[in-house]
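Good morning, and thank you for coming.

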Amino acid sequence: CAHGRSGKTGCTRCLDVCSTGAIRADGDHVKVDPHLCAGCGGCAMVCPSGAMTYAYPRAPDFGRRLKTLLGTYRDAGGKDACILIHDLEQGRALAYGAGRRAIRGGRGLPARVLPLAVYHPAAIGIDALLGAVCYGATGVVVLMDESKPDAYAAALEEQMRFAQAILAGLGYAGTHFCVLRPADAAALESALWALAPAQGVTQAATFNLAAEKRTTLDFAIEHLAKNADAPPEQVALPAGAPFGALTVNKDTCTLCKACIGACPEAALLDAPETPSLRFIERNCVQCGLCERTCPEDAIRLVPRLLLGAAAKNPVVLNEAEPFNCVRCGKPFGTRRMVDNMLGKLGAHSMFAGEGALKRLQMCGDCRVVDMMQNTKEASIFDVAGRKP
């Protein structure tokens, strides 16, 4: 969960989308009240890391239904499949009503439209959308009737924008996703017939949707890139996308590494031998905790999708010259950090003496030894005359 760290707030997507107020902040994480939760799955849809998931039906179970439906349609000679996702109540009535219009003089549902019922359409996230395209769909339509809160439709449309940006960046032409909120069955019928098939994959994927969202997305993006005509090295994404990089202002970054402690996904790493900041882009969910935690305001988020092995390999964002202890020679910080500290504390009365200022250039162990050995400096005594 990327909700918070050390009093800083990062991701709040599940709290923002929940229509019943069942989710609330609980320290660094969030807590779900089961007595208020309606089981819609909207929180699982918007969660960028996959920390929030549907317990039942599981993602692999939904993926198996999706894969079987599209495979059966393809084996029967069907082309340009379009998945119509609807709920079990009002959505099903609208879908069935549109289909029955064929016996009353209407056109009914297009033959390529394959209805698929779910408990709640708000549970369909970017992993399911891209997974459907990988399995052979040329489009995914999610039916939301007027009884569903507007926040669900807005969140789903955002997920579709992210997925569409990935497909467009990879070279897949057309519009693959949309949310429909028709007033009646006739309006749904007209909207479905007006949809044009988009470009799909040349070969359907064989992988299964995983319980972990990021694993599913890895498989889906790899398959889409493999089937693309000329996949680029990276794809630009809209702000708020769950993929991206970081930029670090090297002039202001002191390598304090507060961002490493704040990162919940191990995207930011320390280096064991040198003072440097490393980054694994595949792990980043763009929660913004590193940006909000940085005391120097040196970090900025860059939403994008980096393809290939480069996304999984650590890269150095910033590195600095190490500063060695003036007493024992052991490196304990960066030269920039020590110089900044000396500049800020050099005029302070507590560091007026040459020895006290030099102590700032020592490691923690040598600093304690120097304080014990230097008996000429003033000490603080308690009222009984003993050192505290």
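Two residues are in contact when they have heavy atoms within 4.5 Å. Among contacts in the protein between residues at least 6 apart in sequence, 70% join residues at least 24 apart. Please note that this is a predicted model, in which local features need pLDDT of at least 70, side-chain atom pairs count only at pLDDT 80 or more, and totals for chains, interfaces and linings use all residues. Residues are numbered from 1 along each chain as its sequence is written, and side-chain values use heavy atoms, with hydrogens and water left out.

The protein has 13 helices and 16 strands; these are DSSP runs, with helices being H or I of at least four residues and strands E of at least two, numbered from the N terminus. The radius of gyration is 28 Å, well over the 21 Å that the globule rule gives for 388 residues, so the protein is more spread out than a compact globule. That radius is taken over C-alpha atoms, and the rule is 2.2 Å times the number of residues to the power 0.38. Along the principal axes, the C-alpha atoms fill a box of roughly 105 × 50 × 30 Å.

Of the 388 residues, 45% count as buried, meaning under 20% relative accessible area with a 1.4 Å probe, protein chains only.

Which residues of helix α7 are buried? In α7, residues 185-194, they are Ala185, Leu188, Glu189 and Leu192. They cover an arc of only 100° around the axis, which puts them on the same side of α7; the arc is that of the directions from the helix axis to the C-beta atoms. Their cover includes β5 (82-86), α4 (90-100), β6 (113-117), β7 (139-143) and β8 (177-180).

Notes: Buried means under 20% relative accessible area, exposed over 50%, partly exposed in between (1.4 Å probe, protein chains only).
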